[in-house]
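Subject: Structure handover

Hello,

Please find the structure below, with the sequence. After it come my notes on what was found.

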Amino acid sequence: MNSAAQLLLDTAKRGELHHAIIIHGPSPEPLRQLAVSIARTLNCLNGTTGDDCLSCQKIGRRIHPDVHFIEVSGERKLISVEQIRDLVAEATLRPYEGRNKVFIIDPADALSPGGSNSLLKTLEEPARDTTFVLLTRSPDLLLPTIKSRSQPIFVGDDRPGRSRIEQVATIEDPALVKQIKGALDRFVTQHDSTALLALASIIASHDDVKDAMAMAAAVLTSGEISEIPNDRLLAAADGLLAAIRALTVNADPRLVVEQALAELV
């Protein structure tokens, strides 16, 4: 557990945690573990950050009536409006047996636009003793209105110098990085705009398109591409992050990647 995670648990233990937090980092499993630890801390019968008390055991087994997990279900790609409406209704009620009601949204970037909008008023005017924990690779993948009502906390890689875009990429795929750099080098050295179309195809056909987009954004902002003006690189990288959000509404992957890479021309 890194220092940010420990500080977060200590804050929860003191009862000073913000009512809505965005926990973000490159690897989803540590985020989930921390979210459960927060729920335990807020409801532990012994006032610890999690032990073997009955409340903590129930939370670990996902049977505590005051701790709710809102996740993508079945074959769906998004957290539905109906799931958020159920959350909103539940959030108006007092805790049943614990001190706090906790809603863990995993991943928050899977919220549908309608679901995000349904959540806004609840985040604006939360009930007492209610905490919302949103998990995501990066706050940049969430609607600005959600971000403005929540406190973002990065949990993950403690290495200094990692940019917000590098934090989004959760994969380590040397072959993909080589392909991305090769296509960009062809574009720069040969002034060949078809290289960008080829790059869009490579990204769109990857097994995990979102992570491939994030990796491309990380390459663009790595500082290794001096031949392209920095403002164009940043615009293309931001465009790729916006493209990740666009995928939640079934946008065509290749088309949105092509539009983002067009900022380099």
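Predicted model: local features only at pLDDT ≥ 70, side-chain atom pairs only at ≥ 80, totals over all residues.

Helix α9

I start with α9, since several of the notes below refer to this helix. Eleven of the twelve residues of α9 are buried, so the rest of the structure largely encloses this helix. The buried ones are V209, D211, A212, M213, A214, M215, A216, A217, A218, V219 and L220. Buried here means under 20% relative accessible area. The length of α9 also agrees with expectation, because twelve residues at 1.5 Å each should span 16 Å and the end C-alpha atoms are 17 Å apart.

Helix α10 and its packing on α9

The axes of α9 and α10 come within 9 Å and cross at roughly 165°. Angles over 145 degrees count as roughly antiparallel, and α9 and α10 are therefore roughly antiparallel to each other. The crossing of α9 past α10 is left-handed. On the α9 side the contact is made by K210, M213, A214, A216, A217 and L220, and on the α10 side by L233, A236, A237, L240, A243 and I244.

Which residues of α10 are buried? They are L233, A236, A237, L240, L241, A243 and I244. Seen down the axis of α10, these buried residues fall within an arc of 155°, so they line one face of the helix. As for length, the 17 residues of α10 should span 24 Å at 1.5 Å a residue, and the end C-alpha atoms are 24 Å apart, which agrees.

Helix α7 covers residues 174-190, which makes 17 residues. From first C-alpha to last, α7 reaches 24 Å, close to the 24 Å expected at 1.5 Å a residue. Its buried residues are L176, V177, I180, A183, L184, F187 and V188. Down the axis of α7 they fall within an arc of 135°, so they too line one face of their helix. P174, K178 and Q190, on the other side of α7, are exposed. The buried residues of α7 pack against α8 (194-204) and α9 (209-220).

How do α7 and α8 lie, and at what angle do they pack? The angle is about 165°, with the axes 8 Å apart. α7 and α8 are therefore roughly antiparallel to each other, and their crossing is left-handed. From α7, the residues L176, Q179, I180, A183, L184, R186 and F187 take part, and they meet T194, A195, L196, L199 and I202 in α8. Just after α7, H191 has a positive phi of about 50°.

T131 sits in strand β4 (residues 130-136). With a relative accessibility of 4%, T131 counts as buried. Not counting residues up to four places away in sequence, T131 touches L17, H18, H19, L42, N100, K101, V102 and F103.

P126 belongs to the loop between α5 (113-124) and β4. Is P126 buried or partly exposed? Its relative accessibility is 29%, so P126 counts as partly exposed. P126 and A91 are 35 residues apart along the chain, yet their C-alpha atoms are separated by 7.8 Å. Leaving aside neighbours within four places in sequence, P126 is in contact with H19 and F132.

Backbone points to check

Most residues other than glycine have a negative phi, and most peptide bonds are trans. Here are some exceptions.

- D129, in the loop between α5 and β4, has a positive phi near 55° although it is not a glycine. At 28% relative accessibility, D129 counts as partly exposed.
- R62, in the loop between α3 (54-60) and β2 (67-71), has a positive phi of about 60° and is not a glycine either. R62 counts as partly exposed, at 46% relative accessibility.
- D106 and P107 are joined by a cis peptide bond, with omega about -10°. P107 is found in the loop between β3 (101-106) and α5.

Regards

Terms used
Residues numbered from 1 in each chain as written. Heavy atoms only, no water. Helix = DSSP H or I, 4+ residues; strand = E, 2+ residues; numbered from the N terminus. Expected span 1.5 Å × (residues − 1). Buried < 20%, exposed > 50% of the residue type's maximum accessible area, 1.4 Å probe, protein only. Arc of directions from axis to C-beta. Contact = heavy atoms within 4.5 Å. Axes fitted to C-alpha atoms, helices over the stretch in contact; angles between N-to-C directions. Parallel < 35°, antiparallel > 145°, perpendicular 65-115°, else oblique. Left-handed = near helix turned anticlockwise from the far one by under 90°.
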